[in-house]
Structure formats: C-alpha cells, structure tokens
Amino acid sequence: VQRLDKISMYEQQIEALKTTDHVVNLPSYDEFVQQLKRFKQQGKIGVVKIIKAGEFSNVVGLYGRPAGEELLRQLWQRLSKASASEDSLIARFTSSALIMFTPIDFQTLLHQQTKLSDDVKDSFFIFDQQVHITLKVGIAPFDANTTVHDVVRFAEYALAKARQIHGAHTEFYTSRYDDVLGREMMLLNHLKSAIQNKEITAYFQPKYAVYNEKIASIEALARWISPEFGFVSPVEFIALAENAGLIKDLELHILETVFTWQQQRQ
C-alpha cells in the first residue's frame with residue numbers, strides 16, 4: 001500500500017512538471033497546446049499572441065537569470081489582469097517569451113489595430129531597479145481553418161517580423177505572409193550557390209561632389225540577377241544573407257569583384 005501511495009504521488013508530481021513551469025509558476029507550453037486542442041474541438045475561435053520583451057537579454061546580462069524570470073512573472077501578471085475573458089490562456093513559450101490565447105475575432109482585432117494596454121507596457125521594477133521594456137508581439141488567427149501547430153508557427157513568424165522593427169511593435173500574420181515566407185525559403189535555398197556561381201555582381205554608382213561639380217568616387221552595389229527568379233531586390237537578399245550568416249561571404253565576393261574590375265581597368 002505504501003508503494004502504491006508513493007507511485008501515485010510520483011505520478012502526480014510528474015503530471016505537474018509536465019503542465020507547469022515551476023520557475024515562474026506558469027502553465028507550460030505543452031499544457032497550452034493541449035488546451036488549444038480542446039478549444040479547437042469545441043469550435044472556439046480567437047488569436048494566439050507571442051509576446052517577448054525586447055530587452056530581456058539585457059536584463060539577464062545586467063541582473064542575472066532570476067531577474068529575467070521575475071520580468072516574465074510580472075509580465076504574466078499584467079497580461080492576466082488586462083485580459084477580460086475567462087477563456088484567455090497564458091503560458092511560457094520560451095525562456096524569454098510568453099504565449100497567449102485570446103477569444104476575439106482576428107479580423108476585428110486587425111481592423112481595430114488593438115495594442116497592449118498602457119498598464120502592460122509601463123516600466124517594470126526588477127529587484128528595486130526600474131526597467132523600461134519594449135514589447136514585441138506576433139499575432140495569428142486561431143480558427144477552423146488553422147491547426148494548432150500552424151497558428152503557433154504563424155504567430156512566431158509574425159514575432160520575428162515585429163523584432164525587426166525598432167521600439168515596441170505588434171505584427172499581425174495575414175495570408176500575404178504565406179507567399180512571402182515561401183519566396184524567402186526559395187531565395188534562401190539558392191542564395192549560397194548564387195554567391196558561389198557569381199550570379200551576384202557589383203554595379204558601380206558614381207558619387208557626385210556638388211561643390212566642384214565632379215565625380216568624387218563610386219560605390220559598389222550588390223545586384224542579383226537570378227536565372228530562375230530574375231532580378232532579386234537587395235532589400236530581400238541582403239536581409240536573408242544577414243539572417244543566414246552568409247553576409248560575410250557576400251561581402252568578400254563583392255570585394256573580389258571590385259578588385260578584379262580595378263585591376264582590369266588599370
């Protein structure tokens with residue numbers, strides 16, 4: 001009987017560990033997903049938000065990991081207080097982000113461009129230190145046409161876009177991102193070979209000095225003319241190269257192209 005009691009106790013502890021993040025006493029991501037699946041079966045709709053403090057790593061670097069956990073705990077408390085629905089869910093998503101479900105129609109939210117309340121965005125006090133945080137938020141629709149896996153993926157992609165904007169920013173995932181994401185993946189798959197095969201070359205643009213009405217210098221601009229995609233804007237492929245860790249290879253290739261041109265010109 002004692003052994004059965006211990007087994008039962010251990011099973012309860014294991015279940016608690018699976019469903020709760022004990023560091024900040026939040027529901028775990030696994031529990032969040034299971035609850036979303038139940039909402040899916042019940043036909044509920046809403047939005048999924050992933051919320052990240054832009055300065056989280058700075059807080060941890062200055063005050064240590066416990067300060068980061070305290071920041072997440074306070075952010076969770078403010079989000080819970082600001083939520084008006086009993087069906088709202090908030091859980092830990094990663095070490096530095098929270099994930100939230102809110103039962104509100106996505107189109108209504110999109111047209112209202114609703115932002116987090118000022119109470120949520122006010123300064124935080126972490127271990128008696130006032131900390132100003134800029135929140136990055138990615139939002140995706142949760143409806144009958146979206147799986148639980150996809151809605152989280154969409155919200156995470158929207159968050160990645162939000163993090164590219166300076167200051168606090170909320171990004172909404174819409175259907176146009178499907179084409180954007182697909183194109184980014186295709187370009188990324190071809191980018192490394194494009195650098196190696198010298199599809200990306202340098203275009204020279206003169207810099208004109210107004211004071212003496214002469215060309216003072218030239219600058220080399222990377223341009224990609226792809227046999228498959230045609231002209232690819234540097235706005236697209238330079239950002240991809242930076243994110244994929246290929247920017248140094250691209251820079252070296254452009255430098256080599258410039259030096260080769262200079263040598264031929266001499």
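**View 1. Helix H7, end to end.** Helix H7 runs over residues 148-162, and its 15 residues should span 21 Å at 1.5 Å a residue, which agrees with the 21 Å between its end C-alpha atoms. The expected span is 1.5 Å times one less than the number of residues, and helices here are DSSP runs (H or I, at least four residues), as strands are (E, at least two), numbered from the N terminus. Among the buried residues of H7 are Val 148, Phe 154, Tyr 157 and Lys 161; buried means under 20% relative accessible area, exposed over 50%, and partly exposed in between (1.4 Å probe, protein chains only).

This is a predicted model: local features need pLDDT of at least 70, side-chain atom pairs count only at pLDDT 80 or more, and totals for chains, interfaces and linings use all residues. Residues are numbered from 1 along each chain as its sequence is written, and side-chain values use heavy atoms, with hydrogens and water left out.

**View 2. The largest nonpolar core.** Here 25 residues form the largest nonpolar core, that is, buried Ala, Val, Leu, Ile, Met, Phe, Trp, Tyr and Cys residues joined through side-chain atoms within 4.5 Å. Helix H4 (65-82) and strand S8 (135-142) are among the elements supplying at least two residues each, and H4 gives the most, with five.

**View 3. Around Leu 71.** Beyond its neighbours within four places in sequence, Leu 71 is in contact with residues including Ala 53, Phe 56 and Ile 133; contact means heavy atoms within 4.5 Å.

**View 4. Ile 218 in its strand.** Look for Ile 218 in strand S11; this residue counts as partly exposed because its relative accessibility is 41%.
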